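These are my notebook entries on a structure that I looked up, kept in the order in which I checked each point.

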Amino acid sequence: MNVALQPPIKNRPPLSQAPSGFFMTLRDIAFWIRSARTDAAFGRLRKQLGAAEAFDVLYQSHRDPYAAALPQFRYQRLKYERMISMLPPRHFGDVLDIGCGIGVFARYLSPFGDRILGLDLSEQAIIEARARSMGHENLEFVQGDILSFDGDGRHFDLIVLADTLYYLAPLDDARLKQIAARAHQMLAPGGLLLLVNHFFFSIDPASRTTRHIHNSFRWVPGLEQVAEYRRAFFLATIFEKIEDRSTTGSLEKPVGPGALA
Ligand SMILES: C[S@@+](CC[C@H](N)C(=O)[O-])C[C@H]1O[C@@H](n2cnc3c(N)ncnc32)[C@H](O)[C@@H]1O
């Protein structure tokens, strides 16, 4: 069964439908080649410098290494617009965008939340995000690592985690469980987590990794999947923080991909 094509789970209040039409242009192909080159450069730099410095070097040399705001490439803009359209029409209080990069999606979120906090491992990305977000009074950007950030006591009504997890190495099940549990802990009751990662054709290795990442968030008893969208070329899953009704539910119990079937 291709769970990526499932409609929203249960009879939840409807989430707005995202537009799904897409065709690839030469510019889109150029965008993917550019992204692949950036990722290859990151892989080389990480071996020498570690992840944080590697991202710093990328952001220092390109300012927008993932073409998040370059007008000649439409992919990221379409992705952000589609992500916004997937959110329920409600105003959020506190919002957290993890792996915010240069803050483009945080700025998309600005009209929909009281306080938007962007977090990124790269200090250089944060400097760029702040510079590009002058005039957005409700945006704040801080340098930090998803692996250690705990919200500083804040609880968020919406957490966004887009195209960030596959940069973690290693990204094994223990780490995925830790991140999912941390996201759950930082959500306010009823809060939403929007998880987004590249997704192409179900069978290619990158898409299988994405599928595994998204499935792993179901391991947390207090996170319920409420919607999932497959779009060109990403998978978006929305989870809601619910009261943990499982009597034995604990992050310590042995769970794994087999438990998700
Ligand atoms: C491909 S960019 C995605 C940016 C943005 N979320 C988007 O969808 O356009 C990945 C970002 O994740 C950040 N990142 C990678 N590892 C991280 C970590 N451990 N903690 C926080 N941010 C991280 C990188 O610095 C980079 O800015």
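**Entry 1: two loop residues.** I located Ser202 in the loop between β5 and α7 (205-216). Helices (H or I, at least four residues) and strands (E, at least two) are DSSP runs, numbered from the N terminus. Ser202 has a positive phi of about 75°, although it is not a glycine. I counted 14 C-beta neighbours inside 10 Å, so Ser202 counts as partly exposed. For this I used the following scale: a residue is buried if 20 or more other C-beta atoms lie within 10 Å of its own, exposed if 12 or fewer, and partly exposed in between, with C-beta atoms placed from the backbone.

I noted that the model is predicted: local features need pLDDT of at least 70, side-chain atom pairs count only at pLDDT 80 or more, and totals for chains, interfaces and linings use all residues. Residues are numbered from 1 along each chain as its sequence is written.

I then turned to Ala67, found in the loop between α2 and α3 (75-86). Its phi is near 50°, a positive value in a residue other than glycine. Ala67 counts as partly exposed because it has 19 C-beta neighbours inside 10 Å.

**Entry 2: the whole chain.** How many helices and strands has the protein chain? I found seven helices and seven strands. Along the sequence they follow the pattern α-α-α-β-α-β-α-β-β-α-β-α-β-β. Of the 261 residues in the protein chain, 36% are buried. I also looked at contacts, where two residues are in contact if their C-beta atoms, placed from the backbone, lie within 7 Å. Among contacts between residues at least 6 apart in sequence, 67% join residues at least 24 apart.

**Entry 3: strand β2 and its partners.** Six of the eight residues of β2 are buried, so this strand is largely enclosed by the rest of the structure. Strand β1 (residues 92-98) pairs with β2 in the parallel sense over six bridges; two strands pair if DSSP finds at least two bridges between them. Leu96 has Leu117 in β2 as its bridge partner. From β1 the chain crosses through helix α4 (residues 104-109) to β2, and this β-α-β crossover is right-handed. I took right-handed to mean that, with the strands pointing away from the viewer, the path from the first strand over the helix to the second runs clockwise.

I then followed β2 to strand β3 (residues 139-143): the two run parallel and are joined by five bridges. Here Leu117 stands opposite Glu140 in β3. Together, β2, helix α5 (residues 123-132) and β3 make a right-handed β-α-β unit.

**Entry 4: helix α5.** Which residues are buried in α5? I listed Gln124, Ala125, Ile126, Glu128, Ala129 and Arg132. The buried residues of α5 pack against α2, β2 and β3.

**Entry 5: the core.** A nonpolar core is a set of buried Ala, Val, Leu, Ile, Met, Phe, Trp, Tyr and Cys residues joined through C-beta atoms within 7 Å. The largest one has 56 residues, of which Ile159, Leu161, Leu193 and Leu194 touch the most other members. Strand β5 (residues 187-199) gives the largest share of this core, seven residues.

I examined Leu193, which is found in strand β5. It counts as buried because it has 26 C-beta neighbours inside 10 Å. Leaving aside neighbours within four places in sequence, Leu193 is in contact with Ile159, Leu161, Ala183, Leu187, Leu223, Ile238 and Phe239. The C-alpha atoms of Leu193 and Val95 are separated by 9.9 Å, with the two residues 98 apart along the chain.

**Entry 6: the loop between β4 and α6.** Thr164 is found in the loop between β4 (156-162) and α6 (173-186). Thr164 is buried, with 21 other C-beta atoms within 10 Å. Not counting residues up to four places away in sequence, Thr164 touches Ile98, Gly99 and Ile146. Pro170 lies in this loop between β4 and α6 as well, and the peptide bond from Ala169 to Pro170 is cis, with omega near 0°.
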